[in-house]
Each structure stands twice: as C-alpha cells, then as structure tokens.
2 protein chains.
Amino acid sequence: MHPAIEDVTLESVLYALADSTRLEIVKKIAGVGCGLNCQSAAPADLPKSTQSHHFQILREAGLIKSERRGTEVVNSLRCTEIEKRFPGVISSILKASEKAKKR
Amino acid sequence: MHPAIEDVTLESVLYALADSTRLEIVKKIAGVGCGLNCQSAAPADLPKSTQSHHFQILREAGLIKSERRGTEVVNSLRCTEIEKRFPGVISSILKASEKAKKR
C-alpha cells in the first residue's frame with residue numbers, strides 16, 4: 001500500500017502534485033503538521049470516489065501515509081522522508097503554490 | 001506558442017517534468033546553459049514525432065523557448081523567469097534528479 005522511500009521516484013511525486021486538487025490536499029495535510037482524516041483534507045464538494053482516487057495516487061507516489069484509526073482513515077505527509085530523498089522539492093512546491101494562490 | 005510567464009501554472013510545470021524523458025531533455029538543456037537544438041537535446045533513439053510531442057508539452061508548460069535559427073530549432077530553458085515565478089522549484093527538481101540517477 002505504501003512504497004518504501006527508496007522506491008519512490010521523482011517522476012511519480014511530480015505527477016501526483018501536478019493536479020490542483022491533490023496539491024490542495026497535500027497543502028492542507030502539510031499545514032496541520034500532524035495527521036488529518038480524509039474528510040477534512042479533501043475539498044468538501046468532491047464525490048467520495050474522486051477523493052479516494054486522489055488519495056490513492058498520493059499514497060502510491062509515496063507522498064502520504066494513510067492509517068486506519070478506529071473508524072476513520074488518518075493521512076499524514078511523509079515529509080521528513082521525502083525531504084531527505086528529494087531535498088527542497090516538496091517544500092519549494094508548497095511555497096510556490098501558496099504564492100501563486102495569493103496573486 | 002510560448003505562454004506569458006504570468007500564465008504559467010505550477011501544475012503544468014510539474015506535469016511537464018513528471019516524465020523521465022522530458023526531465024532528461026530539460027536537464028540537458030539546463031546543462032549547456034545556452035540554447036541547444038532539438039536533435040542534441042532529445043534522447044537519440046526517440047522517434048521524431050515523440051520528440052516533437054515532448055518539446056510541445058515543455059513549451060506549452062512554459063519551461064522552454066524554441067526559436068528557429070536558419071534550418072534548425074534551438075531550445076532554451078526559461079530558467080530566470082521560472083525561477084522568479086516559482087523560486088527553488090526547477091532547481092531543486094533538477095538537483096534531485098541528478099542525485100537519484102547517481103544511486
């Protein structure tokens with residue numbers, strides 16, 4: 001379900017983030033620092049199936065970790081691992097995305 | 001043919017780079033600093049039509065500028081503009097890609 005960090009490719013990370021909905025989800029999860037359940041992280045107006053699809057792509061790209069806690073699934077960013085493997089990539093993308101939004 | 005820098009989106013840049021062939025092309029162009037013609041920048045074993053397709057995506061994403069000089073088309077990276085619009089994004093991606101290759 002979650003790839004080992006050494007199997008995570010730069011291309012799959014970039015592909016996962018090359019979508020405004022997924023970029024929003026990652027920003028939300030990154031913003032809280034700790035885990036966020038699926039419902040709070042995804043845009044409220046998205047159908048459940050679309051949400052699942054986006055979370056799957058993010059998970060398979062190695063960007064997020066999803067853990068079941070009781071009845072809900074909690075997602076967290078694999079921030080430290082990704083930052084170590086691809087230094088500066090995620091952080092600069094999240095920063096650029098914030099800046100672009102403010103315009 | 002070339003989008004104005006203010007119309008370039010982070011998503012389209014990430015999508016354009018989320019492909020190993022296009023990442024190779026961009027790295028090659030970035031490596032020489034100045035312009036490089038299509039034939040030298042693209043992997044030699046790619047069919048012409050595939051090359052054109054990749055260059056089109058890179059151009060439309062705002063990453064490269066293609067200029068006709070006599071009989072050849074010379075491509076250059078819109079490095080300064082992109083770096084100004086999305087600070088650190090391209091540079092960290094190119095660096096991470098180099099590092100990943102060495103492993």
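Buried means under 20% relative accessible area, exposed means over 50%, and partly exposed lies in between, with a 1.4 Å probe and protein chains only. By that rule, B:Gln51, B:His54, B:Phe55, B:Ile57, B:Leu58 and B:Arg59 are buried in α4(B). This is a predicted model: local features need pLDDT of at least 70, side-chain atom pairs count only at pLDDT 80 or more, and totals for chains, interfaces and linings use all residues. Residues are numbered from 1 along each chain as its sequence is written, chains are lettered from A and ligands numbered from 1 in the order in which they are written, and side-chain values use heavy atoms, with hydrogens and water left out.

**Confidence**
- The model scores are ipTM 0.85 and pTM 0.86.
- pLDDT is the predictor's confidence in each residue, from 0 to 100.
- The average pLDDT of chain A is 86, and 86% of the residues score at least 70.
- Within chain A, confidence is highest in helix α1 (residues 10–17), at a mean of 96, and lowest in strand β1 (residues 36–37), at 56.

**Chain A**
- Helices (H or I, at least four residues) and strands (E, at least two) are DSSP runs, numbered from the N terminus.
- Six helices and three strands make up the count for chain A.
- Their order along the sequence is α-α-β-α-α-β-β-α-α.
- Of the 103 residues in chain A, 46% are buried.
- Contact means heavy atoms within 4.5 Å.
- Among contacts in chain A with a separation of 6 or more, 63% join residues 24 or more positions apart.

**Helix α4 of chain B**
- This helix covers residues 48–60, which is 13 residues.
- From first C-alpha to last, helix α4 of chain B reaches 18 Å, close to the 18 Å expected at 1.5 Å a residue.
- The expected span is 1.5 Å times one less than the number of residues.
- B:Gly62 follows α4(B), and its phi is positive, near 90 degrees.

**Two copies**
- The same surface serves both: 100% of the contact residues of chain A recur in chain B.

**Cysteines**
- A disulfide is a pair of cysteine sulfur atoms within 2.5 Å.
- The whole structure has zero disulfides over all chains.
- A:Cys79 is partly exposed at 40% relative accessible area, and B:Cys79 is partly exposed at 39%.
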